[in-house]
Amino acid sequence: MPLLHLSLPPHRLLVAGRGGLYFPPVPRHTCLSVRAAAGDAAVSVAAGAYDLPFPPERASHHRELAAAAAAVERACRLCVDVKRSLFSELQRLFPSIPLVAEEDSASLRSSNTDDNSSDVLVESIFSGVADKVSNSSSLLTQDDVLRAIDRGGKDAVSFDSNPATYWVLDPIDGTKGFLRGDDALYVVGLALVVNGKVTIGVMGCPNWTNDTIHNEKDGSAAACNDRGILMVSHLGCGTWSRRLSSEIGQSTTAQDIWKRCFVDTCSVVHIARYCIPNSQTWDMIPLSVLFNSTTGESDPRNENEILLLSVFCGSLCKYLTVASGRASVFVLRARPTTQIKSWDHAVGVICVQEAGGQISDWSGKPLDLAADLTSRRIIYPSGGVLVTNGALHDKLVEMISANYK
């Protein structure tokens with residue numbers, strides 16, 4: 001059951017890999033949940049059951065966005081279920097079996113004749129997915145699951161220099177936080193790129209809390225479930241968000257209505273709220289030549305000090321924070337030892353842009369998603385990536401360029 005197997009154009013799929021990144025591998029059965037989840041998403045979309053905040057006649061890719069939103073929302077609920085049950089169960093039952101983080105299913109298909117651990121792991125993955133995914137038209141097989149893992153791997157897709165249409169998927173952005181099992185803000189992200197431009201995007205963050213909904217003094221089960229965000233964006237139609245449903249297939253309520261998202265309106269550099277990658281420090285950013293940083297929101301600040309927000313986990317969470325108006329700026333420095341992957345940015349780009357923000361490299365040029373001609377997996381921003389509310393963008397590009405060495 002491949003991802004987004006709908007009556008849509010046969011778009012190719014890029015899936016986030018884990019090679020070369022400096023954190024523990026994510027359970028592959030968790031990542032493939034996003035792909036397997038689209039089976040039921042197809043049913044919902046075909047039945048017209050998934051509503052978006054704008055009509056089809058305003059959006060040329062309305063159908064694709066509806067499918068993507070349904071798939072991401074379902075995947076977010078599956079991630080929560082995995083954290084509660086399957087993930088901890090596999091660790092407890094098979095402590096000697098390493099978590100699968102390969103780009104494809106080769107290691108799962110090759111069982112050791114003297115050790116049935118691979119067979120056991122495949123069965124565990126299959127059982128976990130089959131229990132959560134249903135499709136009235138056909139039964140899910142183990143081979144379906146293994147093919148779903150393979151789809152989007154580094155050797156599964158090949159491009160040339162011509163414009164292309166393809167999906168970009170990050171099954172879990174913020175793997176460290178997911179593996180910790182706490183309330184870290186990991187994100188499921190899915191975008192559609194058409195002729196080099198991101199046209200639709202969906203981000204789901206199960207642990208996101210909304211101050212207008214969440215009440216820390218209320219210890220009831222309802223309050224505990226009042227978390228999670230689904231953000232959707234379509235070129236020319238804006239960025240919108242609503243609360244994730246508590247259960248897959250749950251009907252929407254008054255609290256779940258779509259709300260238009262806008263970046264904040266701050267136009268003063270030292271008053272803005274900033275976030276940077278977890279793996280980087282403020283002194284790595286050229287702005288540190290001009291400003292010190294503090295993480296104390298209530299601390300008094302002068303014109304030479306900026307507020308650095310503690311937004312943990314991956315890059316997509318930072319994009320989500322800027323698109324929702326909680327942060328003004330996200331700045332990332334490119335480093336020779338680390339590749340910048342398309343799936344860490346593509347969906348964030350459309351969500352921030354449609355919320356009124358702006359994204360570029362440090363020289364002010366747009367991110368080029370087609371720079372990696374054959375695989376579309378790597379981007380090469382000059383200096384790094386700058387994500388802002390728009391009002392601050394030109395000022396920050398000028399400051400960064402003047403102080404970047």
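Trainee: Is Trp362 buried or exposed in this structure?
Mentor: Bearing in mind that this is a predicted model, Trp362 counts as buried, because its relative accessibility is 3% and the cut-off for buried is under 20%.

Trainee: And Tyr404, how exposed is that one?
Mentor: Tyr404 is partly exposed, since its relative accessible area is 36%, a value that falls between the limits of 20% for buried and 50% for exposed.

Trainee: Let me switch to aromatic pairs, how many turn up in the whole structure?
Mentor: A search through the whole structure finds three aromatic pairs, and one of them is formed by Tyr274 and Trp282, with 5.9 Å from centre to centre and 70° between the planes, which is an edge-to-face arrangement.

Trainee: Are Tyr274 and Trp282 buried or exposed?
Mentor: Tyr274 counts as buried, with a relative accessibility of 0%, and Trp282 counts as buried too, with a relative accessibility of 8%.

Trainee: Back to Trp362 and Tyr404, how are their rings arranged?
Mentor: The centres of the Trp362 and Tyr404 rings are 5.1 Å apart and the planes stand at 90°, so this pair is edge-to-face, because an angle over 60 degrees counts that way.

Trainee: Which parts of the chain does that pair tie together?
Mentor: Trp362 lies in the loop between β13 (358–361) and β14 (378–379), while Tyr404 lies in the segment after α10 (393–403), so the pair ties together parts that are 42 residues apart in sequence.

Trainee: What sits over the ring of Trp258?
Mentor: That is the charged end of Arg242, which is placed 5.0 Å from the centre of the Trp258 ring.

Trainee: New topic, helix α8: how many of its residues are buried?
Mentor: Helix α8, which covers residues 315–323, has nine of its nine residues buried, and among them are Lys318, Thr321 and Ser315.

Trainee: What follows α8?
Mentor: Gly325 follows α8, and the phi of Gly325 is positive, near 85°.

Trainee: How do the axes of α8 and α9 lie relative to each other?
Mentor: The axes of α8 and of α9 (residues 346–354) come within 9 Å and cross at roughly 5°, which makes α8 roughly parallel to α9.

Trainee: Which residues meet there?
Mentor: From α8, the residues Leu316, Tyr319, Val322 and Ala323 take part, and they meet Val347, Gly348, Val349, Cys351 and Val352 of α9.

Trainee: What classes of residue make up that contact?
Mentor: The contact of α8 with α9 has eight nonpolar residues, one polar residue and no charged residues, and Gly counts as polar here.

Conventions: Residues are numbered from 1 along each chain as its sequence is written. This is a predicted model: local features need pLDDT of at least 70, side-chain atom pairs count only at pLDDT 80 or more; totals for chains, interfaces and linings use all residues. Side-chain values use heavy atoms; hydrogens and water are left out. Rings of Phe, Tyr and Trp (its six-membered ring) pair if their centres lie within 6.5 Å; planes under 30 degrees apart count as stacked, over 60 as edge-to-face and the rest as tilted. Buried means under 20% relative accessible area, exposed over 50%, partly exposed in between (1.4 Å probe, protein chains only). Helices (H or I, at least four residues) and strands (E, at least two) are DSSP runs, numbered from the N terminus. A charge sits over a ring if NZ of Lys or CZ of Arg is within 6 Å of the ring centre and within 35 degrees of the ring normal. Axes are lines fitted to C-alpha atoms, for helices over the stretch in contact, and angles run from 0 to 180 degrees between N-to-C directions. Angles under 35 degrees count as roughly parallel, over 145 as roughly antiparallel, 65 to 115 as roughly perpendicular and the rest as oblique. Contact means heavy atoms within 4.5 Å.
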